[in-house]
Amino acid sequence: MTEVQLYHYNMGADVVAFSTTRNGGCSTDGSESEVDDSLSKNYATFNINRYCGDSEEHVAHNREALCQQLGISDDRLVMPHQTHNTRVACIDEHFLALTVEERQTALEGIDALMTDLVGVCIGVSTADCIPLLLHDPKRRAVCAIHAGWRGTVARITQKAVQTMTETYGTRPSDLIAQIGPGISLDSFEVGQEVFDAFAAAGFNMPAISKMYAKWHIDLPECNRQQLIASGLRTDHVHLSGICTYQAHDTFFSARRLGIHSGRIFTGILILKTNNVAYDNDEI
């Protein structure tokens with residue numbers, strides 16, 4: 001089976017944290033095109049999101065490849081059906097005991113997951129939106145957040161930190177945060193109504209926006225500010241610096257490829273032992 005090519009983050013020796021790239025899977029655009037460049041195909045080549053139009057067969061094969069690489073079974077790879085809201089779900093033993101159908105219901109309309117279970121990989125799907133990972137090394141708990149512009153305006157990142165505090169007793173100053181690949185300020189052009197939504201929500205507009213021909217919003221910075229406002233240490237918040245729109249040959253970008261295209265999966269897994277660590281490097 002083809003090895004999945006992941007972009008790893010260093011978030012502690014007892015977790016594996018990563019974003020998938022477009023490489024290492026079997027997905028295509030589903031057409032009979034004779035174009036030889038697989039990266040021109042909307043799902044090529046690695047996608048595990050069932051909600052974006054890719055074939056079920058390709059998604060299943062890609063999930064199997066990722067699970068094999070992570071050393072877990074498929075039922076321990078958990079991904080929600082996101083709807084740009086601020087609901088956070090806790091993945092616990094009760095969730096693992098649910099049937100497949102019950103799990104799908106429980107994961108509907110969820111945009112952030114958290115868990116303290118060992119050997120369970122939680123994650124979110126993005127293709128220009130901002131994925132965030134949180135790790136509490138003191139209480140061995142983690143969280144994965146999907147922050148599109150609507151979720152960012154509604155402060156999903158702050159809500160996720162608060163929910164970890166309420167559920168696990170997390171102290172925000174202990175958290176390590178990673179902001180993954182997403183659309184950058186230069187590439188995220190928005191209408192006046194989006195700018196106004198951020199302004200109405202109380203964001204520091206000079207710090208997170210810039211006028212070119214139209215307004216542009218800095219989504220990574222918006223979420224970084226939410227983390228700092230939640231009590232995280234500045235030096236515990238890390239940004240990948242990767243713009244999906246500009247790096248669309250390596251990471252999926254819906255603005256480049258359209259909504260009927262693959263998705264990046266950004267996940268985090270608590271390990272049984274404390275002997276694995278990765279650098280912020282692509283492999």
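Buried means under 20% relative accessible area, exposed means over 50%, and partly exposed lies in between, all with a 1.4 Å probe and protein chains only. Strands here are DSSP runs of E with at least two residues, helices are runs of H or I with at least four, and both are numbered from the N terminus. The model is predicted, so local features need pLDDT of at least 70 and side-chain atom pairs count only at pLDDT 80 or more, while totals for chains, interfaces and linings use all residues. Residues are numbered from 1 along each chain as its sequence is written, and side-chain values use heavy atoms, with hydrogens and water left out.

Strand 7 (residues 130-136) runs antiparallel to strand 9, joined by 4 bridges, and Leu-132 has Ile-179 of strand 9 as its bridge partner. Strand 9 also pairs with strand 13 (residues 237-239), this time in the parallel sense over 3 bridges, with Ile-179 opposite Leu-239. Over at strand 4, 4 bridges make a parallel link to strand 5 (residues 112-115), where Thr-115 is the bridge partner of Ile-91.

Axes are lines fitted to C-alpha atoms, for helices over the stretch in contact, and angles run from 0 to 180 degrees between N-to-C directions.

The helices also pack on each other: helix 5 (residues 156-168) and helix 8 (residues 219-229) meet at an angle of about 30°, their axes 8 Å apart. Ile-156, Thr-157, Gln-158 and Val-161 of helix 5 make the contact with Asn-223, Gln-226, Leu-227 and Ala-229 of helix 8.

A second open sheet has 3 strands in the order 10-12-11, with antiparallel pairing. Strand 10 (189-190) and strand 11 (209-211) are at the edges with a single partner strand each, so one side of each is left without a neighbour in the sheet. Strand 10 pairs with strand 12 (residues 215-217) over 2 bridges, and Val-190 stands opposite Trp-215. Helix 6 (residues 192-200) packs on the sheet and touches strand 10, strand 11 and strand 12, making about 50° with the direction of strand 12.

Finally, there is Arg-22, in the loop between strand 2 (15-20) and helix 1 (56-70). Arg-22 is buried, with a relative accessible area of 0%. A polar atom of the Arg-22 side chain lies 2.8 Å from the backbone oxygen of Lys-41, and the backbone oxygen of Ala-44 lies 3.0 Å from a polar atom of that side chain.

Definitions and conventions: Two strands pair if DSSP finds at least two bridges between them. Contact means heavy atoms within 4.5 Å. A polar contact is a pair of N or O atoms within 3.5 Å; within protein, one must be able to donate a hydrogen and the other to accept it, and residues adjacent in sequence count only if both atoms are side-chain atoms.
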